[in-house]
Amino acid sequence: MIFSAALLVVSLSAAAQNGEQFRARLSLVPLLGVKADAVVGTGAATAVLNGKKLTINGSFDKLASPATVAHLNLGPVMGVRGNSIFDLTVTKTGTGTTGTIAGTFDLSSDQVDALKKGKIYIQLHSEGAPNGHLIGWLLTDAKK
């Protein structure tokens, strides 16, 4: 039984390494009507696409106010904001201004195509910036 569990972990690690890799740098969202000191902080995320399954892991730090929610969004073209397609899990530490984001999703063929074209991005919201605090487009190393 222990051997089987160890083999499964090794197999999953190998599968993750074989998947297509994406990265996002979470940067401040330019907002109208929000004080500049309400949107500070940094973050980063990685994503692995295996077939149509997308796994995202990331972190954020030094937000001006506690994080609330995070979404995976689909824009009409790279760099243009669009609608939320999936909710990410936000795990906060301390005062909520630091933490992690994660999620695993089954994408449609159209969503896989959109991801590969740089149209999918992560958006993290906070109490001080409920319409978006940090944003980052998932890109392959070739697009960076």
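Buried residues are those under 20% relative accessible area, exposed ones are over 50%, and partly exposed ones lie in between (1.4 Å probe, protein chains only). At 16% relative accessibility, Q111 therefore counts as buried. The model is predicted: local features need pLDDT of at least 70, side-chain atom pairs count only at pLDDT 80 or more, and totals for chains, interfaces and linings use all residues. Residues are numbered from 1 along each chain as its sequence is written, and side-chain values use heavy atoms, with hydrogens and water left out.

The protein has two helices and eight strands. Helices (H or I, at least four residues) and strands (E, at least two) are DSSP runs, numbered from the N terminus. Along the sequence the pattern reads α-β-β-β-β-β-β-α-β-β. Of the 144 residues, 40% count as buried. Contact is defined as heavy atoms within 4.5 Å. Among contacts between residues at least 6 apart in sequence, 63% join residues at least 24 apart.

The eight strands close into a barrel. Their order is β1-β2-β3-β6-β5-β4-β7-β8, with antiparallel pairing. From one strand to the next, the twist averages 20°. For such angles, axes are lines fitted to C-alpha atoms, for helices over the stretch in contact, and the angles run from 0 to 180 degrees between N-to-C directions. Two strands pair if DSSP finds at least two bridges between them. Strands of a sheet pair through backbone hydrogen bonds, either parallel or antiparallel. β1 and β2 pair in the antiparallel sense over seven bridges. Here A24 stands opposite A45 in β2. Strand β1 (residues 20-28) is also joined to β8, by two bridges, and these strands run antiparallel. S27 stands opposite I135 in β8.

Strand β4 holds T68. With a relative accessibility of 35%, T68 is partly exposed. T68 and S126 are 58 residues apart along the chain, yet their C-alpha atoms are separated by 4.8 Å. Neighbours within four places in sequence aside, T68 is in contact with V90, H125, S126 and E127.

The nonpolar residues come next. A nonpolar core is a set of buried Ala, Val, Leu, Ile, Met, Phe, Trp, Tyr and Cys residues joined through side-chain atoms within 4.5 Å. The largest such core has 26 residues, of which I56, L72, I122 and L138 touch the most other members. Two or more residues of this core come from each of β1, β2 (42-50), β3 (53-61), β4 (67-74), β5, β6, α2 (109-116) and β7. Apart from this core lies another, of five residues, among them V29, Y121, W137 and L139. I122 has contacts with residues including L26, A45, I56, H71, L72 and L88, leaving aside neighbours within four places in sequence. Further contacts of I122 include I101, L134, I135, G136 and L138.

Helix α2 includes Q111. In α2, Q111, V112, A114 and L115 are buried. Seen down the axis of α2, its buried residues fall within an arc of 160°, so they line one face of the helix. The arc is that of the directions from the helix axis to the C-beta atoms. Not counting residues up to four places away in sequence, Q111 touches I85, F86, D106 and I120. Just after α2, G118 takes a positive phi of about 75°.

The structure holds two aromatic pairs. Rings of Phe, Tyr and Trp (its six-membered ring) pair if their centres lie within 6.5 Å; planes under 30 degrees apart count as stacked, over 60 as edge-to-face and the rest as tilted. F86 and F105 form a stacked pair, at 4.5 Å centre to centre and 25° between the planes. This pair links distant parts of the chain: F86 is in strand β5 (residues 83-93) and F105 in strand β6 (residues 98-106), 19 residues apart. Both F86 and F105 are buried. The rings of Y121 and W137 have their centres 4.2 Å apart and their planes at 50°, so this pair is tilted. Y121 lies in strand β7 (residues 120-126) and W137 in strand β8 (residues 134-137), so the pair ties together parts that are 16 residues apart in sequence. Y121 is buried, with a relative accessible area of 0%. W137 is also buried, at 17%.
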